[in-house]
Amino acid sequence: MIGATVIALGAVLVLGSCSSARGSAAGGGDSGDEKVYTIGFSHVTTTNTPKGASAEKFKEIIEASSDGRIEVELYPNSSLYGDKDELQALQSNSIQMIAPASAKFTTLAPQLQLLDLPFLFETPEDIAKIASRDSAVGQAIFENEDLRAAKIKPLGLWDNGFKQMGANVPIRAGADMAGLSFRIQPSDVLASQFEAWGGIPSILAFSEVYNALEQGVIDGQENTWSNMETQSMHTVQKYITESNHGYIGYIPAINSDFFESLPDDLQQLVLDAVDESSTYNREIAAEVNEKAKQVIVDEGSTEIVQLTEAERDALMASVVPGVWEEYSDVLGADILAELIANRS
């Protein structure tokens with residue numbers, strides 16, 4: 001009887017340790033007299049993408065700066081949670097951090113569709129300026145009341161880069177997309193963008209895109225060079241149009257209850273680590289995408305379509321400012337007015 005009690009107690013202790021190791025607010029163990037807090041960090045891309053590399057950098061920085069008081073467990077490439085369930089996992093504190101594309105937050109916080117606006121940025125330098133923390137766009141992200149109510153605290157903005165369009169036909173104008181289905185992230189703005197070009201938007205999880213292209217469930221997709229190359233999307237697309245028509249930015253975010261459970265000094269170290277990893281991210285994003293593009297070019301199975309300036313201007317004119325103004329009420333009339341004014 002005593003043996004059974006000891007075994008049962010041991011099982012309880014093991015289960016408790018497992019729960020703590022997954023990063024409960026109570027922390028994952030003791031280091032001397034100080035708790036060790038575990039941050040489970042789930043994301044959907046491979047480690048050799050801008051997001052994957054930035055997540056690795058965040059882990060490196062925070063574990064070093066906290067002297068081991070914070071440990072980070074990384075779960076890349078949808079190995080733990082995918083597009084469909086990572087937000088719910090974050091809200092329930094089943095995972096402590098995620099870094100989805102901004103479009104993934106729009107079901108909870110529609111205003112974040114600001115970052116989905118077509119042709120919002122022209123250069124990487126524009127991103128840092130237009131979406132800085134003290135800008136109107138930055139305030140919509142980092143001070144978002146809808147995310148706060150959902151127990152989500154945005155920490156930063158990581159660049160993945162500019163989007164290109166893949167299809168089995170060369171795309172030089174909206175008319176080339178007429179009647180073709182394109183995978184999009186869950187964003188009304190992105191749906192309106194493709195509808196304005198005559199395409200048919202289809203929401204799919206990132207991990208499902210390759211199979212959908214291979215099986216002909218969809219005709220095309222928009223993505224960065226690194227996302228296409230690391231997921232082999234280009235191998236099932238005959239053409240990629242280098243359009244730079246949109247932006248994919250990731251918002252590293254933490255469960256707010258977990259964050260607030262951290263001692264004040266560790267909270268600051270988390271914020272500092274995200275800022276430092278964001279700087280690193282901006283340094284590598286363009287390089288990673290350029291290398292991925294070269295891999296696609298070297299493989300030779302996909303033709304790269306280069307738009308003329310007139311073709312790109314025409315593509316832009318068909319959605320700017322029309323699609324932007326369609327979402328004035330959701331995104332904020334004042335913000336849109338400011339963005340449109342800054343383009344002139």
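Which residues are buried in helix α15 (residues 333-343)? In this predicted model, local features need pLDDT of at least 70 and side-chain atom pairs count only at pLDDT 80 or more, while totals for chains, interfaces and linings use all residues. Residues are numbered from 1 along each chain as its sequence is written, and side-chain values use heavy atoms, with hydrogens and water left out.

The buried residues of α15 are Ile335, Leu336 and Leu339, where buried means under 20% relative accessible area, exposed over 50% and partly exposed in between, with a 1.4 Å probe and protein chains only. Helices (H or I, at least four residues) and strands (E, at least two) are DSSP runs, numbered from the N terminus. Because these three residues cover an arc of only 95° around the axis, they lie on the same side of α15; the arc is that of the directions from the helix axis to the C-beta atoms. The buried residues of α15 pack against α4 (124-130), α5 (136-142), α13 (322-326) and α14 (328-331).

Leu339 also belongs to the largest nonpolar core, which has 54 residues, and is listed with Leu115 and Leu117 as having the most contacts inside it. A nonpolar core is a set of buried Ala, Val, Leu, Ile, Met, Phe, Trp, Tyr and Cys residues joined through side-chain atoms within 4.5 Å. Elements that each supply at least two residues of this core include α3 (86-91), β7 (164-167), α12 (309-317) and α15. Leaving aside neighbours within four places in sequence, Leu117 is in contact (heavy atoms within 4.5 Å) with Val189, Trp324, Leu331, Leu336 and Leu339.

Pockets were located on a 1 Å grid over the protein atoms alone, a pocket being an open set of points where a 1.4 Å probe fits, with protein on both sides within 12 Å along at least five of seven lines; lining residues have an atom within 4 Å of a point. A volume is the space filled by probe spheres set on the points, which are joined across faces, edges and corners. The largest pocket has a volume of about 390 Å³. Its lining has 20 residues, of which Pro124, Gly161, Phe162, Ala286 and Asn289 lie nearest the centre. The largest share of this lining, five residues, comes from α11.

The second largest pocket holds about 320 Å³ of space. Among its 16 lining residues, Leu120, Ile130, Leu339, Asn342 and Arg343 are the closest to its centre. Helix α15 supplies the largest share of this lining, five residues.
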